[in-house]
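Morning, everyone. Please have a look at the sequence and the model on the screen, and then I'll walk you through one part of it.

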Amino acid sequence: MPFELVAGAAPTSRVIRMAIKKLFILEPAPLEESRLARLVVERPDLSLSGVAADLAVTLESCADDEPDALIVDLSAEAGDGIALIERLHSECRQLSILALSARTDSRVIERILRAGAMGCV
């Protein structure tokens, strides 16, 4: 069964079906505390490529291991989360990026999607 990512909010919601095998996570929690990492490890159809708390490690790891998708917790790194996604998208174009954000403003979500994320939760 393919992994499903749900993007946007009603009434513009859409389901994106993708064949994702390897997933990388950019989030502030260390690997041993990452709830997202535990969820991925529990799924037999997914493998966790890695977890990082900063952009530099994420870019290096994604270049070396070539995961299929990247989950970006926008609270992971200080600074502009939109610029972070733009850089990840430009340097790792093969990645499908899903952004996690506490922001619900439709303008912010639109900017996240324009920056290169496939979806925003």
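One term to begin with: a polar contact is a pair of N or O atoms within 3.5 Å; within protein, one must be able to donate a hydrogen and the other to accept it, and residues adjacent in sequence count only if both atoms are side-chain atoms. A second term: helices (H or I, at least four residues) and strands (E, at least two) are DSSP runs, numbered from the N terminus.

Now the ground rules. This is a predicted model, where local features need pLDDT of at least 70, side-chain atom pairs count only at pLDDT 80 or more, and totals for chains, interfaces and linings use all residues. Residues are numbered from 1 along each chain as its sequence is written, and side-chain values use heavy atoms, with hydrogens and water left out.

Let's start with α2. At its start, a side-chain oxygen of aspartate 54 comes to within 3.2 Å of the backbone nitrogen of alanine 56. After the helix comes glutamate 66, with a positive phi near 50°.

Which residues of α2 are buried? In this helix, residues 55-65, they are Leu55, Thr58, Leu59 and Cys62. Buried means under 20% relative accessible area, exposed over 50%, and partly exposed in between, using a 1.4 Å probe and protein chains only. Seen down the axis of α2, the buried residues fall within an arc of 95°, so they line one face of the helix. That arc is taken from the directions from the helix axis to the C-beta atoms. An α-helix has 3.6 residues a turn, so residues three or four places apart point the same way. The face turned away from the buried side carries exposed Ala56, Glu60 and Asp64.

What do the buried residues of α2 pack against? They pack against β3 (22-26), β4 (47-52), β5 (69-73) and α3 (81-91), where contact means heavy atoms within 4.5 Å.

On to the sheet. It is open, has five strands in the order β4-β3-β5-β6-β7, and pairs in parallel. Strands β4 and β7 (119-120) stand at the edges with a single partner each, so one side of each has no neighbour in the sheet. Pairing requires at least two bridges found by DSSP. Between β5 and β6 (residues 96-100), there are five bridges. Leucine 70 stands opposite isoleucine 97 in β6.

Last stop: arginine 93, in the loop between α3 and β6. Arginine 93 is exposed, at 58% relative accessible area. Its side chain makes a polar contact of 3.2 Å with that of histidine 89.
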